[in-house]
Amino acid sequence: MQRSFGVLQHQQAMWKPAWLEALSTEKFFVACSFHEHAKKNEKNICCLDCCTSICPHCVSTHRVHRLLQVRRYVYHDVVRLEDLEKLIDCSGVQVICIVYTVCV
Ligand SMILES: [Zn+2]
Ligand SMILES: [Zn+2]
């Protein structure tokens, strides 16, 4: 089960796409500033095209973009590799996104 989750460790990346940077620097699971008063406004999605974190209400404006669901797993923001693979031509990326389950 644990193996399907990964924290993205960008330090080891030789080639770092902008969205990977965003994934590791953007804040997730905080309230969306555009939808402050909406329910379920936690930003739990990363838009790979805008390199930003968005909430479910923002999705409509990013519909045509590549969106990656971010999950919370033991205080870490993680993504499922399967999700990532769907979005990205992944053979190279898998090397880049060194996956480790909840250390730090
Ligand atoms: Zn977008
Ligand atoms: Zn929003």
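Trainee: To begin, how many helices and strands are there in the protein chain?
Mentor: This is a predicted model, and its protein chain has 3 helices and 6 strands. From the N terminus on, they run β-α-β-β-β-β-α-α-β.

Trainee: What share of the residues of the protein chain counts as buried?
Mentor: Of the 104 residues, 20% count as buried.

Trainee: Why is His35 called partly exposed?
Mentor: Let us set its value against the cut-offs. A residue is buried with 20 or more other C-beta atoms within 10 Å, and exposed with 12 or fewer. His35 has 17 C-beta neighbours inside 10 Å, so His35 counts as partly exposed.

Trainee: Where does His35 lie, and which residues is His35 in contact with, leaving aside neighbours within four places in sequence?
Mentor: His35 lies in the loop between H1 and S2. With those neighbours left aside, its contacts are Asn41, Cys55 and His57. As for Ile54, that residue is 19 places from His35 in sequence, and their C-alpha atoms are 9.9 Å apart.

Trainee: Which residues of H1 are buried, and what puts them on the same side of H1?
Mentor: The buried ones are Trp19, Leu20 and Leu23. Around the axis they cover an arc of only 105 degrees, and therefore they sit on the same side of H1. On the face turned away from that buried side are the exposed residues Ala18 and Thr25.

Trainee: Which residues have the most contacts inside the largest nonpolar core?
Mentor: They are Ile45, Cys46 and Leu68, in a core of 14 residues. Helix H1 (18-25), strand S2 (45-47) and strand S4 (67-73) each supply at least two residues of this core.

Trainee: Which residues does Cys46 touch, not counting those up to four places away in sequence?
Mentor: Cys46 touches Trp19, Ala22, Leu23, Glu26, Ser53, Leu68 and Val70.

Trainee: How do you know that S4 and S5 pair?
Mentor: Pairing asks for at least two bridges between two strands. S4 and S5 (residues 76-80) have 4 bridges, in the antiparallel sense. That meets the cut-off, so the two strands count as paired. Tyr73 stands opposite His76 in S5.

Trainee: How many residues lie between the strands of that hairpin, and which residue takes a positive phi?
Mentor: There are 2 residues between S4 and S5, and Val74 takes a positive phi near 45 degrees.

Notes: Residues numbered from 1 in each chain as written. Chains lettered and ligands numbered in written order. Predicted model: local features only at pLDDT ≥ 70, side-chain atom pairs only at ≥ 80, totals over all residues. Core = buried A, V, L, I, M, F, W, Y, C linked by C-beta atoms within 7 Å. Contact = placed C-beta atoms within 7 Å. Arc of directions from axis to C-beta.
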